Amino acid sequence: MKKLAKFAAAAAAMVFMGLTGAYGYFSDSLTVTNHIALGDVNIRLKEYQKKGSTEVLYTNPKTVIPGETISKIPRITNLAKPCWVRARITYKNDRDHVDGFQDEMLAGMSEDWVKRGEYYYFTRILKRKESADLFQKVTVPAGWGKEHSDQKLGIIIQAEAIQAANFVPDFSGMSPWGNQKIQLCVHEEDGAASCRGEKMDLSVEFNVKAHKLVSVPGDFFVNLGTAMPGDHFEDVVDVSNTTEKEAELFFHTDVKGQDSSQLELLKGIRLAIFMNDKKLYKGTLDSPGMEKEHSLGIFQPGQNGKMKFILDVPAEWDNSYALRKADVQWIFTVNEEEPEAPERTPQTGEYEPERPAGRRSPVKTSDGLDPETTVLVFFCSGMSALIGLACLILRKGGRKE
C-alpha cells in the first residue's frame, strides 16, 4: 500500500505540473528627470553721449556754461526676464541758496515714461535685451549768472526693476508698484535662463515595437521654461499601452542628490498630480508622499490615459530665489505577464527563436508540442495513471476477497 500511495502522489504531481503554465512577469522602468529653474530680474544702467553721429560712454564735462546743452543718455537694459522698470532722478548741488539742475532741464524723454511721486515709471514691459533711454540731454539755463560760478552740480539716477510675470502696475495711482519689495540681485551679468519655446506634447508609452517604456521628451517640465514667482502651470502626459497585452503601470518620484538650497526650492513649490481626473498626489514638489510606487492603473491593449500635473510657484518669493535650479526624477514602471526566457532544447542545445513582443510565446517541449497540447497530454497522462492506479487497487482488493 505504501508503494501505491507513493505512485498516486507522483501521478498527482504530474497532473499539477502539466497544468502549470511556463509564464513569468516582464518589468521595465523609465526615469524622466524634470528640471525646475527660477528666473531672474536683472537690469543694467549705463550712460552714453553723442559724439557726432556715434555714441560713446558718457564722461562728465569739467565745466559748463550758461545755455550749454550736454549730451547725456541714461540707458536701462534688461538682461534677464521681462520686467517693469522705474527710475528716480536726484540732483547734487553744493549751494543751498542757488538753483541747481531740475527735471525741467532734461530733454528727449519718451512718452512711455510717466512720473508718479519720486519715480519715473516706464509704462511698457521691457523684454530681455531691450533698452529704454530715460532722457537724451541736459540744458544749462541761459540765465545763470556769476552766482553760479564754480558751482558743483550732479545728476544721480537710480534704476529699479520688478518682474512682469504675474504683476500689473496701476499707472493711474501715485504708487504704480504698490508696496512691492525691490531687491538687488547679485550674479553674473548675463546669467539669465533661456526663454520658453514652443509647447511640446508629453507622453509615456509602453511600446509594442521596443517592448519597453518610452517617454517624449526627456523632461516633462520643458514647457514650463523658467518659472517666476506667482507662476501657475499645468500640463498633461499621455500614458498609453500599444502592446497586445494588458499591463499595469506604476509611478513614483525621487529627489535624492539635491542639496539644501535645491530642497528648499522644491519644498516651496506646490504640486498636484491627477490620473484620469483622479487625484494621485497633492503637496510640494519634493513629493514626500510619492516615494513609493502608486499604480496608474491596468491598461488594456491600445488603451491610453491622461496624467495631469499642476505647479504653483509662491508669489511672495523674491530675488533670493533667483536662478535656483533643482531636479525631480519621475519614475514609471510597467509589469506585464509574459513567457519565461527560452530554454535550450535537449536534442539540439539551441535557443528557440524569439517570439513577437507582447504575445504569449509557445514553449516547446522535448517532443515539439506547444503548451496547450503539452498540458492536455500531461493531464490525460495523469488521469490515465490515476485510473490505472484505481484499477490496480480494485484488482488487489478482489484478490483479498
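User: Which residues lie nearest the centre of the second largest pocket?

Analyst: The model is predicted. In this model, 23 residues line the second largest pocket. Those that lie nearest its centre are K62, T63, V64, Q151 and L153.

User: Which strand gives the largest share of the lining of the second largest pocket?

Analyst: By class, the lining has 12 nonpolar, seven polar and four charged residues. The largest share, three residues, comes from residues 153–163, that is, from strand β12.

User: Is the aromatic pair of F101 and W144 stacked or edge-to-face?

Analyst: The structure holds 13 aromatic pairs. In the pair of F101 and W144, the centres lie 6.1 Å apart and the angle between the planes is 25°. Planes under 30 degrees apart count as stacked. The pair of F101 and W144 is therefore stacked.

User: How many residues apart in sequence are the parts that F101 and W144 tie together?

Analyst: F101 lies in the loop between β6 and β7, whereas W144 lies in the loop between β11 and β12. The pair therefore ties together parts whose separation in sequence is 43 residues.

User: Is F233 buried or exposed?

Analyst: Residues under 20% relative accessible area count as buried. F233 has a relative accessible area of 10%, so F233 is buried.

User: Over the face of which residue does R86 lie?

Analyst: R75 lies over the face of Y48, at 4.8 Å from the ring centre. For R86, the distance from the ring centre is 3.8 Å, and the ring is that of Y119.

Key: Residues are numbered from 1 along each chain as its sequence is written. This is a predicted model: local features need pLDDT of at least 70, side-chain atom pairs count only at pLDDT 80 or more; totals for chains, interfaces and linings use all residues. Side-chain values use heavy atoms; hydrogens and water are left out. On a 1 Å grid over the protein atoms alone, a cavity is a set of points where a 1.4 Å probe fits but cannot get out, and a pocket is an open set with protein on both sides within 12 Å along at least five of seven lines; lining residues have an atom within 4 Å of a point. Helices (H or I, at least four residues) and strands (E, at least two) are DSSP runs, numbered from the N terminus. Ala, Val, Leu, Ile, Met, Phe, Trp, Tyr, Cys and Pro count as nonpolar, Asp, Glu, Lys and Arg as charged, and the others, Gly among them, as polar. Rings of Phe, Tyr and Trp (its six-membered ring) pair if their centres lie within 6.5 Å; planes under 30 degrees apart count as stacked, over 60 as edge-to-face and the rest as tilted. Buried means under 20% relative accessible area, exposed over 50%, partly exposed in between (1.4 Å probe, protein chains only). A charge sits over a ring if NZ of Lys or CZ of Arg is within 6 Å of the ring centre and within 35 degrees of the ring normal.
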